Amino acid sequence: MFPLTPNTGICRLCHPLSSSTLGSMTGREKFYKTIMLSLAFLLILDVAFSEPAVSPAPSQDPPAKKAYQHPRQDMLVLGSTAIIETEQTAKCYKQYQGSPTLAKDVKRCLEASTTTKGAPGEPYFDIDGGQLLISKYEGDRNAKLTCVVRDLGNRNVVWMKMRPLPIMISINKILNAPDSRYSLETDNNGTFNLQIDDLRRADEGIYECQVNTDPQLAWSVTLQIVVQATVSDIVPVKNGKRDGRMFSFTYNETDSVELICVGDGSPSPSIEWRKWREPPQPPLPAGNVTLQIESINRSQAGKYECAAENGYNEAPDIRPVFIKVNYKPEVVALVTDVRAAAGEYRQLRCGVDAYPKAKYTWKKDGVTLDPPSGAIKNSPRKQTTLVIVSVDPDRDYGTYSCHATNFLGTSVGYINLSGKPMAPVITSSPVGNRRHAYKLTWTQQNGQPPNYPGTIPVNYYQIRYRGWWRDSTKDRRKVYSLEDESNFLEEVMFPDSTKAQQYCVLNELRYNATYDIQLYAVNEYGDGDAVNLTIYTALAKSDSNITEETTTPNDVAIQGSISSSSKGTKEREDPDQPAKSWQNTDGGNTAPSTRATLVTTLTSLIILLRCIDFYK
């Protein structure tokens, strides 16, 4: 880019500072001149090595859709239809404003206005002041339907009610309808206005003022009688059984429910179903006239509401609907194992859930009972109770069953009444204070001494126990334990009927060891309920610390927890987590610009050093 001169061997930027000029310059001037030339040279190199501007690649995205354009100022939007707004359009829109079928009504109005005037001399309707929709309330005094015909000539004008059935009301000035509430207002200019007094719901419909031309001319007026929305009936489609005249229906569990809410009113009301609950719940998903529940269950029974509204009510008309669900009884014995001593009072109870209400039967050992009056009590709280005033062991001990039955089936609950002893209550501490013996103490659940009058008898107490401990042999540990049931050690203790608290001393135990103890009472009716206890004997006198050979289960657990807690894991980076790196935020390629900067810097440094070397 910059050729070398033959005289100096350096670039021409340094050439002006040849020997002819150096002699007249001081050292400082030479240094400043060199700096200025180097800066100029750096600027030139920066421009030379700069990357050319690259225009961005064309986008691969599809072209954006055109934005929605609003209709012109002179356009009238009716739903999805836009029409040019004229004087007649505005008049039709004003006439039908608020109608649920606004677009259709305005279109019909415009068609009528453009076709009513026929050929010269032919009759046509004068639409100025004409009506297309009249809305009145039931009970209003009157409604006037206007009809003005121009160029009538000798044609006949007829008023007809088209819906629900065609009925001729009048022809010219003569009323043809027998209803005295109709009257005509006419003149000699083609005015035939129909007036209806004392408005009723049946007056609603479409009326036509017709002229007998060919083709026939007709001017339609819709008379709407506004009636508040009501729920007139609830109709079951299938399965449901209606209870009398009330809105109450009964289904069997797993039936499909389908109820239609019949609404009445003008305009036709909208219907919503809700499950009644406090606070009020949102409408059910169906959101229409039909309530549908597939495979109903007992939790879905309850009160529902059907609401009808057409916009003219101050509040929706709501009717409660009660849905009942029949299901098979479910019986649960409240206490399945009852213990009683001779002469005690006992109640055997079964809880029952059923709809419709179940009938109850009690049996003992499979035989139906016929107890005296009052022995069986069926409470309204869905419970049946068998009362035994004074227990006779020979007669009353056994297995009882309560049966609940309705037309969907029967369920049974079982209760066992016996004289087996209850489980004792152990009162001694699990940590012993002796090395080779342990004193086990207990009481009866009722707090009375054994064989106290009116209590379940105890013939003797059975005590079964076994021990286990740990020893170490060289590097191996071995657990010594009486593991199988045949190795249990046993003690028999006869009760002391003079004391509430009983005791038994277990001897020849191993020091610093663990023992499992099982205690239960025995009488003529069998073994009572057992209670279990784990105890620990005391250390040997010479033991100041717990050694490895005499480690209790608690100590082993502590050692284990310390050992496991010492195995800490070294925190390290997640191999699945990508390494952090600096990201280029401009999205471009930075390598070329970095390389150009490096080349520029190195080149400038070389030139500067050559020039300085030349000046020396």
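Colleague: Which strand is Ile171 found in?

Modeller: Ile171 is in strand E8, residues 167-171. Keep in mind that this is a predicted model.

Colleague: Is Ile171 buried, exposed or partly exposed?

Modeller: Partly exposed. The relative accessible area of Ile171 is 32%, and buried would need under 20%.

Colleague: Now the inside. Which residues touch the most other members in the largest nonpolar core?

Modeller: Phe125, Leu145, Trp159 and Tyr207. That core has 32 residues.

Colleague: Which elements each supply at least two residues of this core?

Modeller: Two helices are on the list, H3 (87-96) and H4 (102-115). The strands are E5 (142-145), E7 (157-161), E11 (192-197), E12 (205-211) and E13 (217-236). E13 gives the largest share, six residues.

Colleague: What lies apart from it?

Modeller: Another core, of 20 residues. Leu259, Tyr304, Cys306 and Ala308 are among them.

Colleague: Back to E13. Is Ser220 in that strand buried or exposed?

Modeller: Ser220 sits in E13. Ser220 counts as buried because its relative accessible area is 18%, and the cut-off is under 20%.

Colleague: Which side chain does Ser220 have a polar contact with?

Modeller: The side chain of Glu208, at 3.4 Å.

Colleague: Switching to strand pairing. How do E17 and E19 run?

Modeller: Antiparallel. Six bridges join E17 (residues 270-275) to E19 (residues 302-309). Glu272 has Ala307 in E19 as its bridge partner.

Colleague: And how many bridges link E19 and E20?

Modeller: Seven, again in the antiparallel sense. E20 covers residues 317-333. Within E20, Ile323 stands opposite Gly302.

Colleague: What is the strand order in the open sheet of five?

Modeller: E21-E28-E27-E23-E24, with mixed pairing. The edge strands are E21 (337-339) and E24 (367-368). Each of these pairs on one side only.

Colleague: What holds strands of a sheet together in general?

Modeller: Backbone hydrogen bonds, in parallel or antiparallel pairing.

Colleague: Which residue in E27 is the bridge partner of Trp362?

Modeller: Cys402.

How values were computed. Residues numbered from 1 in each chain as written. Predicted model: local features only at pLDDT ≥ 70, side-chain atom pairs only at ≥ 80, totals over all residues. Heavy atoms only, no water. Pairing = 2+ DSSP bridges. Helix = DSSP H or I, 4+ residues; strand = E, 2+ residues; numbered from the N terminus. Buried < 20%, exposed > 50% of the residue type's maximum accessible area, 1.4 Å probe, protein only. Core = buried A, V, L, I, M, F, W, Y, C linked by side-chain atoms within 4.5 Å. Polar contact = N/O pair within 3.5 Å; in protein donor to acceptor, adjacent residues only side chain to side chain.
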